[in-house]
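My entries follow in the order I made them.

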Amino acid sequence: MARLFRRPQPVLLVLVVLISVALAALPMLTYAANRLVSGQPLMLWQIPLGGYLLLPLLALWLLVFLPTRRSALLLLLGCECLFVLLVWLSGHQATLLAQSGSRLARTAFGSGFWSAAALTLLLAAEAIRQRHRQTTWRILLNLQMWLLPLALLLSGHLNPLSLLKEYANRSTVFDAALIQHLTLLGGTLLPAILIGLPLGIVIARRTRWQQTAFSVLNLIQTVPSVALFGLLIAPLAGLAATFPLLASWGIAGIGMAPALIALVLYALLPLVRSVVAGLQQVPAEVRETARGMGMSRWQQFCFAELPLALPVWLSGLRVVVVQTLGLAVVAALIGAGGFGAILFQGLLSSALDLVLLGVIPVVALAVIADALLRLLAALLERQYD
């Protein structure tokens, strides 16, 4: 018997305990007569078919005590079953309530759902980490966790939930916000790369310039985003008033122009740091070998330094993308649009579903961009190993 079971790992055990507590003590869903009133909590035992969640939960408890190598894959499958059941059960219960209640009734995810779903994803990530050492497999297995919930979303099974109702009511606004948010991201990345890449390469070659350059970039980074947006309003408004041509190009005290300038300034520090770090970690032997082969300075950079520095540069770019997606939300305060406009509208009207409609896409974009860039960096490292 002792060979079949082992002492559980503390991290796995704590996560399973927390999932159990979240399912037992926190409401899975909330139900309100309309969006203006507070929802009544629905605990797990009050939801028909809620007992189905106990099957994967009991399996997780059992697998925590099994030998690590064999249980990691089963633990991942158990987490996936629990996660999919959580999503499916919420959509199923929302459908039942929508059929029995009024059209204005709202069924929303409760704190138990959010907590249990987040903890289940953490447990799955830990199981994947124990199962695979390669970053590529870890990223792909983490991404596949979302395939079945995404299929449920696209099939319309989740449409009765209040979050999806808010989307249906504002699909045009949501699509416009998505385009504006991606425009802010693209409009930030392009100039940031054009400025940060050559600047990083130059100060990596001339180390005496690094302290001055990083001091200036650090100073910019310490300015709060709201303050920086505000500081740009007056000079840009003055420029637009003095030179009407600039105003015709869209330069103004509020809107996209100050938002893009501030976002580019914030992006420079992590980008330049990654460029410098990437070039500095190239072994001196590699440069000497390239010089010994008769390569020119440009060839040394392209064929010796760039392949080795590129994974580090992609790590810096990953930080910039995630940072920009988050800061672009604040840019809505100066009229730049994006998902921040939906979020602040929800805050002002105390509509939690509207807040989530602005937050969830930003988180999803950040996670997807982070995973894709990490995957690309891992593939490059594997290629050059």
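I began with contacts between residues at least 6 apart in sequence. Of these, 77% join residues at least 24 apart. I note here that the model is predicted.

Next I looked up the overall make-up. The protein has 385 residues, and 44% of them are buried. I find 16 helices and three strands. The C-alpha trace spans about 70 × 65 × 30 Å along its principal axes.

Then I turned to the nonpolar cores. The largest has 72 residues. L23, M28, L53, L86, L123 and V321 have the most contacts inside it. Which helix gives the most to this core? I find that helix α3, residues 68-100, does, with 11 residues. A second core is separate and holds 16 residues, including L184, L228, A262 and Y266.

Helix packing came next. Two packed helices are described by the angle between their axes and the distance between the axes. I took helix α1 (residues 10-25) with helix α4 (residues 111-131). Their axes come within 9 Å and cross at roughly 160 degrees. An angle over 145 degrees counts as roughly antiparallel, so α1 and α4 are roughly antiparallel to each other. Their crossing is left-handed.

I listed the residues that make this contact. From α1 they are V11, L12, L15, V16, L18, I19, A22 and L23. From α4 they are G112, S115, A116, L119, T120, L122, L123, E126 and Q130. By type, the contact of α1 with α4 has 12 nonpolar residues, four polar and one charged.

I then checked α1 against helix α2 (residues 54-64). The axes lie 10 Å apart, and the packing angle is about 160 degrees. That angle makes α1 roughly antiparallel to α2. This crossing is left-handed. On the α1 side I note L12, L13, V16, V17, I19, S20 and L23. They meet L57, L60, W61 and V64 in α2. The contact of α1 with α2 divides into 10 nonpolar residues, one polar and no charged.

My last entry is on T207. Where does T207 sit? I place T207 in the loop between α8 (171-205) and α9 (210-222). Is T207 buried or exposed? T207 counts as exposed, because its relative accessibility is 55% and the cut-off for exposed is over 50%. I also took T207 with L365. They are 158 residues apart in sequence. In space they are 36 Å apart, C-alpha to C-alpha.

How values were computed:
Residues numbered from 1 in each chain as written. Predicted model: local features only at pLDDT ≥ 70, side-chain atom pairs only at ≥ 80, totals over all residues. Heavy atoms only, no water. Core = buried A, V, L, I, M, F, W, Y, C linked by side-chain atoms within 4.5 Å. Buried < 20%, exposed > 50% of the residue type's maximum accessible area, 1.4 Å probe, protein only. Helix = DSSP H or I, 4+ residues; strand = E, 2+ residues; numbered from the N terminus. Axes fitted to C-alpha atoms, helices over the stretch in contact; angles between N-to-C directions. Parallel < 35°, antiparallel > 145°, perpendicular 65-115°, else oblique. Left-handed = near helix turned anticlockwise from the far one by under 90°. Contact = heavy atoms within 4.5 Å. Nonpolar A, V, L, I, M, F, W, Y, C, P; charged D, E, K, R; others polar.
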